[in-house]
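Good morning, and thank you for making time for this item. Please have the sequence and the model in view while I speak.

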Amino acid sequence: MFLTMIAAKIRAYLRYRETVRELSRLTDRELDDLGLSRSDIQYVARTHATA
């Protein structure tokens, strides 16, 4: 049970980092097309990682 919880936290963190990395690569124009700004990236990534 404990190891399962740790593994889930690690997977969520990896999803978070991947999402931040991918969104950070986008231009401001591309982010605007998605309705996001650079300041939204961490929030969106955190939300995606916990979903």
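Predicted model: local features only at pLDDT ≥ 70, side-chain atom pairs only at ≥ 80, totals over all residues.

I begin with tyrosine 16, which counts as buried at 17% relative accessibility; here buried means under 20% relative accessible area, exposed means over 50%, and partly exposed lies in between, with a 1.4 Å probe and protein chains only. Residues are numbered from 1 along each chain as its sequence is written, and side-chain values use heavy atoms, with hydrogens and water left out.

Tyrosine 16 has its place in helix α1. Helices are DSSP runs of H or I with at least four residues, numbered from the N terminus. Which residues does tyrosine 16 contact, leaving aside its neighbours within four places in sequence? They are Gln42, Ala45, Arg46 and Ala49, where contact means heavy atoms within 4.5 Å. Two C-alpha distances complete this part of the picture. Tyrosine 16 and histidine 48 are 32 residues apart along the chain, and their C-alpha atoms are separated by 7.0 Å. Threonine 47 is 31 residues from tyrosine 16 in sequence, with 8.4 Å between the C-alpha atoms. Threonine 47 belongs to helix α3, residues 41-50, and is partly exposed, with a relative accessible area of 38%.

Let me now take helix α1 as a whole. Helix α1 runs over residues 2-25, and at 1.5 Å a residue its 24 residues should span 34 Å; the end C-alpha atoms are 35 Å apart, which agrees. The expected span is 1.5 Å times one less than the number of residues. The buried residues of α1 are Ala12, Tyr16, Thr19, Val20 and Leu23, and they pack against α2 (28-33) and α3.

Threonine 19 is one of these buried residues, with a relative accessible area of 14%. Not counting residues up to four places away in sequence, threonine 19 touches Ala45 and His48.

Which residues make up the largest nonpolar core? There are seven: Tyr16, Val20, Leu23, Leu31, Ile41, Ala45 and Ala49. Helices α1 and α3 each supply at least two residues of this core. A nonpolar core is a set of buried Ala, Val, Leu, Ile, Met, Phe, Trp, Tyr and Cys residues joined through side-chain atoms within 4.5 Å. As general background, nonpolar side chains in soluble globular proteins tend to be buried together.

Serine 24 is located in helix α1 and counts as partly exposed at 39% relative accessibility. Its contacts, leaving aside neighbours within four places in sequence, are Arg38 and Ile41. Serine 24 is also 12 residues from alanine 12 in sequence, and the two are 18 Å apart, C-alpha to C-alpha.

How many salt bridges are there? The count comes to two, a salt bridge being a side-chain nitrogen of Lys or Arg within 4 Å of a carboxyl oxygen of Asp or Glu.

Arginine 38 is partly exposed at 39% relative accessibility, whereas aspartate 28 is exposed, with a relative accessible area of 52%.

Another salt bridge is formed by the side chains of arginine 29 and aspartate 33, at 3.9 Å from N to O. Because they are four residues apart in helix α2, arginine 29 and aspartate 33 are separated by about one helical turn. Arginine 29 is exposed, with a relative accessible area of 60%, and aspartate 33 is exposed at 56%.

I close with the surface of the model. Phe2, Leu3, Met5, Ile6, Ile10, Tyr13 and Leu14 make a nonpolar surface patch of about 770 Å². Patches are made of residues with over 30% relative accessible area and no salt bridge, with like charges joined within 9 Å and nonpolar side chains (Val, Leu, Ile, Met, Phe, Trp, Tyr) within 5 Å; accessible areas come from the Shrake-Rupley method with a 1.4 Å probe, and for residues only the protein chains shown count as cover. Isoleucine 10, in helix α1, is partly exposed, with a relative accessible area of 47%.
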